[in-house]
Amino acid sequence: MSREVDEQHVCVLCGISGDGEGEGEDEEMSRFKPSDNFTSWNLLGAGDSLCASCERIFTNQNYRRKSWVRSNGLAEFHKPKEMLPLLINPPEPPFYLYITASGQKQTYLQLFRKGANMNQNAFWIADEDAGLLHVLPPRISELEAFAREAYEKLGQKKWKLIHGAPAHDWKQREICERIAQLRGDPLWQLVVRLV
Ligand SMILES: [Zn+2]
């Protein structure tokens with residue numbers, strides 16, 4: 001006997017669709033009704049529902065407040081600085097990585113629209129302020145090594161790594177020139193924040 005499906009619901013986060021009456025708990029869809037102060041409509045896909053998995057994420061404030069890694073459906077929450085090693089050695093696919101700044105925005109919602117990463121050698125993360133960033137682990141290692149070197153040689157002042165060094169530092173000419181080239185790169189800005 002077949003049941004007629006009269007209504008299809010689409011998850012605004014991950015985009016899966018269902019009739020809202022699945023057999024298992026994980027197939028259930030619920031109506032998407034965010035609180036009045038929800039402002040991240042631009043980060044959502046089309047739809048009117050949340051699947052069970054996305055609803056558990058959406059209603060858990062830790063996904064907004066903290067940095068996290070989610071691998072095989074299990075999440076671990078971290079301080080931002082603890083995320084740097086994970087960018088170099090990401091977890092088992094499928095995985096997601098999110099790095100928070102102030103913990104105010106819900107930039108992580110973009111990760112679920114993008115879909116889980118299946119490749120540890122090239123993947124997408126979301127940074128609260130910069131949004132989606134494409135990551136190659138060797139590039140992160142290289143930026144980390146240079147950030148640590150520049151930090152020491154420029155008198156342990158992070159702002160010089162972020163905004164560029166003033167003229168009197170130009171005795172460290174090579175370092176300053178490289179910072180000038182990297183300054184506009186959101187991955188560089190992120191690595192400097194995390195070292
Ligand atoms: Zn979903």
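Author: Asn72 sits in the loop that links strand 5 (67-71) to strand 6 (74-78). Helices and strands here are DSSP runs, numbered from the N terminus: helices are H or I with at least four residues, strands are E with at least two. Positions are counted from 1 along each chain, as its sequence is written. Please keep in mind that this is a predicted model, where local features need pLDDT of at least 70 and side-chain atom pairs count only at pLDDT 80 or more, while totals for chains, interfaces and linings use all residues.

What is the phi of Asn72 near? Phi of Asn72 is near 50°, a positive value in a residue other than glycine. Most residues other than glycine have a negative phi, and most peptide bonds are trans. Is Asn72 buried or exposed? Asn72 counts as exposed because it has 10 C-beta neighbours inside 10 Å. The cut-offs use C-beta atoms placed from the backbone: a residue is buried with 20 or more others within 10 Å of its own, exposed with 12 or fewer, and partly exposed in between.

Gln156 lies between helix 5 and helix 6, and its phi is near 55°, a positive value in a residue other than glycine. Gln156 is exposed, because 8 other C-beta atoms lie within 10 Å. A further backbone feature is the cis peptide bond from Pro93 to Pro94, with omega near -5°. Pro94 belongs to the loop between helix 3 (84-88) and strand 7 (95-99).

Now let us follow the helices. Helix 5 covers residues 137-153 and includes Glu149. Glu149 is partly exposed, because 13 other C-beta atoms lie within 10 Å. Between Glu149 and Ser40 there are 38 Å in space, C-alpha to C-alpha, and the two are 109 residues apart in sequence.

Helix 7 (residues 173-182) has the buried residues Cys176, Ile179 and Leu182. They lie on the same side of helix 7, because they cover an arc of only 125° around the axis; the arc is that of the directions from the helix axis to the C-beta atoms. The face turned away from this buried side carries the exposed residues Arg173, Glu174, Ala180 and Gln181. The buried residues of helix 7 pack against helix 5, helix 6 (158-163) and helix 8 (186-194).

Stepping back, the protein has eight helices and nine strands. An automatic or database domain assignment divides the protein into domain 1 (1-59), domain 2 (61-135) and domain 3 (138-194). Nine residues of domain 1 are in contact with six residues of domain 2, where contact means C-beta atoms, placed from the backbone, within 7 Å.

The largest nonpolar core has 41 residues, and Cys11 is one of those with the most contacts inside it. Such a core is a set of buried Ala, Val, Leu, Ile, Met, Phe, Trp, Tyr and Cys residues joined through C-beta atoms within 7 Å. Not counting residues up to four places away in sequence, Cys11 touches several residues, among them Ile16, Met29 and Leu50.

For the whole protein, the C-alpha trace spans about 80 × 35 × 25 Å along its principal axes. Of its 195 residues, 27% count as buried.

Methods
Contact = placed C-beta atoms within 7 Å.
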